Amino acid sequence: MKNGDAVHDVVVLGAGPAGLSAAAEIAKKGLGVVVLEEHQEIGQPEKCTGIVSRDGLKRVFPEAIEETVIREVDFGRLFIEDLAWDYQFDRGKVTVLDRARLDRKLAALAVDAGAELMLSTRANWIEKDNGVWRVYTRAGVIGAKMMIDARGIGAYRGRKLSAMQLIVRVRGDFYEGFVVYVNKKVSSSGFAWYAPLDDGIAKVGAIGMAGELEQLLQGAIKASGLTVAPLGVSSSAVAIGGPVYSDDDDLILAGDAGGQVKPLTAGGIITGALGGIMAAEAVNKGAGFYRSLYDKEIGGELEAQVRLRELFESINNGALVKLVKALPSDQPLFMGDEFDSHTKILARALRSPSFYFALLEVAPRYIFDRLKRSVANAGQGS
Ligand SMILES: Cc1cc2nc3c(=O)[nH]c(=O)nc-3n(C[C@H](O)[C@H](O)[C@H](O)COP(=O)(O)OP(=O)(O)OC[C@H]3O[C@@H](n4cnc5c(N)ncnc54)[C@H](O)[C@@H]3O)c2cc1C
C-alpha cells in the first residue's frame, strides 16, 4: 500500500460461509468490501459434512437452499458403545447440503452484491496504523477501515478438538439416517458420525483427541454394520470453546475464528453465517455493539451449550445411556428449532421428572446447577 492507495471500508479475511455472508450484506449497504481467500478455488478443500437445520438455512441463506440441499434426514441411530437407540426429528427439519456448492453460491451472491473477491490471496501479516488496517499479501498491501476476521478454525483462540472425515462408498445396504457413535472408553470428549449423501455415497467423521479419531471412525462403521470403501479423507480441527470477541472496535471475529460453533456437536455453518450477517450490521458501530447483537441472537445459547459439553465430557457410557433412556420417548429428539438451540431440548427434557432425576443422579452437582442456570439464562427455561 502506497500513499494515495485506496482504503476499503471493510476487508474480510476468508471466503467461507461467515466471510461471504458478511461481504454480501456489507456490499448491499453500498460499502466497499474486499474478501481475501488464500485458496485458488472457493469451497476447496472441503472439510465439512454439511448437516444443517432447514430453519437455520432459511434464516441465513434463503437464496441458496434450492441449489445446495442434497437431502432431508428425519431419523437416525445413536450408538453408545453397544446400545443402539433409534431417534426421529421433526419432519423436514434437518438437511444435508453440498458444502462446496454452498460456498460457491455464497461467493456468487457476494460478488453480485458488489463485493470484490481476491482468490489465491493469503493474509500473511496484519497491522493497524493510524486507524487503518494493513493486510500484507503477495499481491500487495490491502488497506481498510474495518476488518472482519473469518479465517476459520486456524484463527480461533479457544478450545479445539481434532477432526477427521472420510467420504465413503457404501457397499450393500445404504443406511438413509444419521449415525452417531459415542464410546467414552475410547474418547471422553469426542464422537463419530455417519451422514448419507446420495447414490451410495456417505460421509463418516469423528471429532476428539487426535489419537482417538481412527478408533472412533472404525467404531461408528462397525456399530452401524456398514461396509464402506473410502474415497477421500480430510482432517482439520473444530471449535468447541464457545464464542470469543475482539477488544479492538474495528475488528470483528466471525464464524469459526470467533468460536461461533455449537460446542457439543461442532456444527458451525449456520451460527458462523449468522455471525457474518451481524458483522455487516455492526460495521461503523464497533465490536462491542457486535458482541451484544450476536449474544442476543445466538451467542448466549452457544455459551449455554458449553455447559452441555461439560456435562457430556464428565460422564461415562453408563451415565449417558441412563440419560438417553430417560428422554421423553413419545417426542422427536429435535423439535422446531432445537437442532440449533440445544438448551431448548434440555429445557423440554427437564420438564420430565424421570429425566430430571436421571440428570441429578449422573451429573456432578456443580454441572447440574450450572446447566439449570444456563438453560434459564438462555431464556428458554420452563
Ligand atoms: C470434519 C468436519 C465436519 C463438519 N461438519 C459440519 C456439519 O455437518 N454442519 C455444520 O454446521 N458444521 C460442520 N463443521 C463445521 C463447519 O465446517 C465450520 O464451522 C464452518 O466451515 C465455519 O465457517 P467459516 O466461514 O467460519 O470458516 P471456513 O469455512 O473454514 O472458511 C475460512 C476460509 O478462510 C480461508 N483462510 C484461512 N486463512 C486465511 C488467510 N490467512 N488468508 C486468506 N484466507 C484464509 C480458508 O481457506 C477458508 O476458505 C464441520 C467441520 C469439520 C472439520
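In what order do the three strands of the open sheet stand? The order is β3-β7-β4, with antiparallel pairing; strands pair if DSSP finds at least two bridges between them. Strands (E, at least two residues) and helices (H or I, at least four) are DSSP runs, numbered from the N terminus. This is a predicted model, in which local features need pLDDT of at least 70 and side-chain atom pairs count only at pLDDT 80 or more, while totals for chains, interfaces and linings use all residues. Residues are numbered from 1 along each chain as its sequence is written.

Within the sheet, β3 and β4 (69-72) stand at the edges with a single partner strand each, so one side of each has no neighbour in the sheet. Three bridges join β3 to β7 (residues 94-97), and S53 has V94 as its bridge partner in β7.

The protein chain is divided into domain 1 (7-50 + 98-157 + 241-285), domain 2 (160-239) and domain 3 (303-377), with bounds from an automatic or database domain assignment. The C-alpha centres of domain 1 and domain 2 lie 29 Å apart. Between these two domains, 11 residues of domain 1 are in contact with 11 residues of domain 2, contact meaning C-beta atoms, placed from the backbone, within 7 Å.

The ligand lies between domain 1 and domain 2, because both give residues to the shell around it. Of the 37 residues around the ligand, G14, G16, G152, G255 and G268 come nearest. The helix α1 gives the most to this shell, with three residues.

Definitions and conventions. Near = placed C-beta within 6 Å.
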